[in-house]
Amino acid sequence: MKEIILLKDGELALKGLNRSTFEDILIKNIRGRLAPLGGFAFRKSQSTVTVEPETDDVDLDEAVRRIQTTFGIVGVSRAAVCEKDIRTICETAYDYLYDELTFAKTFKVKAKRSDKNFPLASPAICDEVGGYLLSKLRGLKVDVHDPDVTVTVEVRDNAAFIHGAQKPGAGGMPTGTGGRACLLISGGIDSPVAGYMIAKRGVKLTAVHFASPPYTSAQAEEKVHDLLEKVSVYAGRINLFTVPFTKIQEAIRDDCPEEMFTVTMRRMMMRVASRIAVWQGCDALITGESLGQVASQTIHALKCTDACASLPVFRPCIGMDKNEIIEISRKIDAFDISIRPYEDCCTVFTPRHPRTRPTPEYAEKTEALIQNADALIEEAVQNAVLKIIEAW
Amino acid sequence: MEVYLDNSATTRVCASAAQAALDAMTAEYGNPSSLHSKGLAAKKILDDARRAAAERLGGLPEEIFFSHSGTLANNAAVFGAVQAKRRAGNRIVTTAAEHPSVGKCMDELERQGFEVIRLKPASDGNIPAEALQEAVNEKTILVSMMLVNNETGAIFPVEQIRRAVRAANAPALIHTDAIQAFGKLPVRLSSLGVDLLTASGHKLHAPKGVGLLYVKKGVGLKPFVYGGGQENGLFSGTQPLPAVAGFGAAIREADVSTHLPAAKENMRFLRGLLEHIPAVRFNSPADASPYILNFSVEGIPSQVTINFLSAREIYVSAGSACKKGHRSEVLTAMGLPPDRIDTALRVSLSRFTTKEELTAFADALSDAVKTVRTKL
């Protein structure tokens, strides 16, 4: 039996004249992910994209998994393709969905006839297919309101498609339709989630990680690679810049008052990240900050850090509780990596009593105490090391 | 220059052990249980290794059983002994400083309703012999005490256990985890007076994947792994012959009478170097095994020192390598303050360690103390 994959592209349907551009990018993204699995033909029609394997030996389960994590799709289903003949449609529905139907108590048939030359109208198709399935499967009942299985029959111009339950897609907008932004990633729970959330809106990611050897370990860097690989499952290729941050942290430690250590450090991070972001063609920064979570994430502290960024700062987790962030972290399979017990550069030096209500003026004054800060920032940017993270 | 000072975690396989393992994989690769001559040749390797271990301990070859790890041997010893003696009493005496492969067994036995007495090391890391005598009573069915502590190198009073058991007229079996001692210190069954003893190959320059359990003749241990009945039914499963062959070679090469004085000299040298670094505070007792030194570096968390040294290809450990991310239970049991525990390092030597390596280590540590500071 010939099988294809049907994609529902959801939100793209809301686009106007440039809808086709969005769809083309979506197809390009999926094509890239599926390429290692074999050849596929893509076809667009209405709000559905059909993906048809060109050979029989393609791993369709894996293809569906890869499509499910592609942004821009709300639903994925595998469908059987058959001739546009009602008898064949009935038989195919029975064969193809036999397993699902035998485990179900109730079902309904949904029909869509986009080929108006097909002799039966949609309700008639439902009657025929439903009647056939009822006659073959004893004990099965029809429930049009809350069925265990919905059998969908789509009669299209060139063939009929039959499928069961639709699997959820990743939602969002196709990667690459929303520009590029730079994620500041520490290795905790929040920043990978923040990266994922912004990537979901079609944004390509560049990432910046601050490493402070010997205060932070090689394992902490490894952890960031692993986390970004999980984000990359959805977001595609990510360019990671690892910035040597030890000298800057030691300078802050030596020159600035303890209570301002963290805020000053965040400001320096913003400066370094802004430089790399602009150089890499990003139009925004992304952080995992959540309002009030720690002293450096109070509204006052954020005002101080924002003052140093030369680009807009996106903070998608800003209004979320920790457990809401964790929920997404688990969903993208990052949580178990995030909780590995390695210190990152944010946690090595922690003031006993950080200032929770710093003012930008005071932060500036503090920062001015750092000996040749500009040279240190320049050096950090220059010595950043690039690594390309790509899950597929 | 690579300086590997984490030999209590594992060791580099010595040349003769690697060769023996290779031969057992490529030439004599038979199954020692097979009845043909290929199997027989493999069995000969197994018997040679068994004899080497028996000679080293002063026991009989038929008292030596090879397991697939030290952990498995410790589990078999502890659970096997308790199973064998469960009708005779309910008390088990051990220490609060055991390796998890004994310590976690004790936790489980406690859950099963046994009374587990854990002797605490004193602040110097040693276990007071008087506490041992008090803890053993006529209901004691097992005393399990490691010979050399894996974190501090402290030598525990295993030799005193037999007397304590006799004095209390206890039905107890005596087990020692000698993993950090075997092949390094004189470990003789006649002076230890134990019924069960555990050792591990990869702590003694043999490949990973082999442990050893000595079971005194007449002591019946109930197995808890069932299968083909290898190792007299105690450790079912085909013997890990390459590792066993390597273990045999490594045992024959370990010469305590010449290696121990050299290790003592190295340890004296190392302590001398570290005494010149003011931030260093020793946690190991003065009379500990000369292969292990535990100390704290004031003001620098263990992981930071490890990172600093690691970048210079110098490899040491924080406490015990088995318990990443947790505060050392041994140092906690010794009553050391949290600051001291969080900055503790374990340096462990091997018979291949040179003074040059120790000097390189001490120099690097001294650099770390000068440049690294996490206190704001």
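A:Asp333 counts as partly exposed because it has 14 C-beta neighbours inside 10 Å, where a residue is called buried if 20 or more other C-beta atoms lie within 10 Å of its own, exposed if 12 or fewer, and partly exposed in between, with C-beta atoms placed from the backbone. This is a predicted model, in which local features need pLDDT of at least 70 and side-chain atom pairs count only at pLDDT 80 or more, while totals for chains, interfaces and linings use all residues. Residues are numbered from 1 along each chain as its sequence is written, and chains are lettered from A and ligands numbered from 1 in the order in which they are written.

**Backbone features**

- A:Asp333 lies in the loop between α11 (322–331) and α12 (335–338) of chain A, helices being DSSP runs of H or I with at least four residues and strands runs of E with at least two, numbered from the N terminus.
- The phi of A:Asp333 is near 70 degrees, a positive value in a residue other than glycine.
- B:His205 also has a positive phi, near 65 degrees, and is placed in the loop between β7 (196–200) and β8 (211–215) of chain B.
- B:His205 counts as buried, because it has 27 C-beta neighbours inside 10 Å.
- A:Pro213 and A:Pro214 are joined by a cis peptide bond with an omega of about 5 degrees, and A:Pro214 is found in the loop between β11 (204–211) and α7 (218–235) of chain A.
- Most residues other than glycine have a negative phi, and most peptide bonds are trans.

**Chain A as a whole**

- The secondary structure of chain A comes to 14 helices and 15 strands, and its C-alpha trace spans about 85 × 35 × 35 Å along the principal axes.
- Of the 392 residues in chain A, 45% count as buried.
- Among contacts in chain A between residues at least 6 apart in sequence, 81% join residues at least 24 apart, a contact meaning that the C-beta atoms of two residues, placed from the backbone, lie within 7 Å.

**Around A:Gly172**

- A:Gly172 sits in the loop between β9 (167–171) and β10 (180–184) of chain A, and with 25 C-beta neighbours inside 10 Å this residue counts as buried.
- A:Gly172 and A:Gly72 are 100 residues apart in sequence, yet 4.9 Å apart in space from C-alpha to C-alpha.
- Leaving aside residues up to four places away in sequence, A:Gly172 touches A:Phe71, A:Gly72, A:Lys200, A:Arg201 and A:Gly202.

**Where the chains meet**

- Chain A brings 12 residues into contact with 9 residues of chain B.
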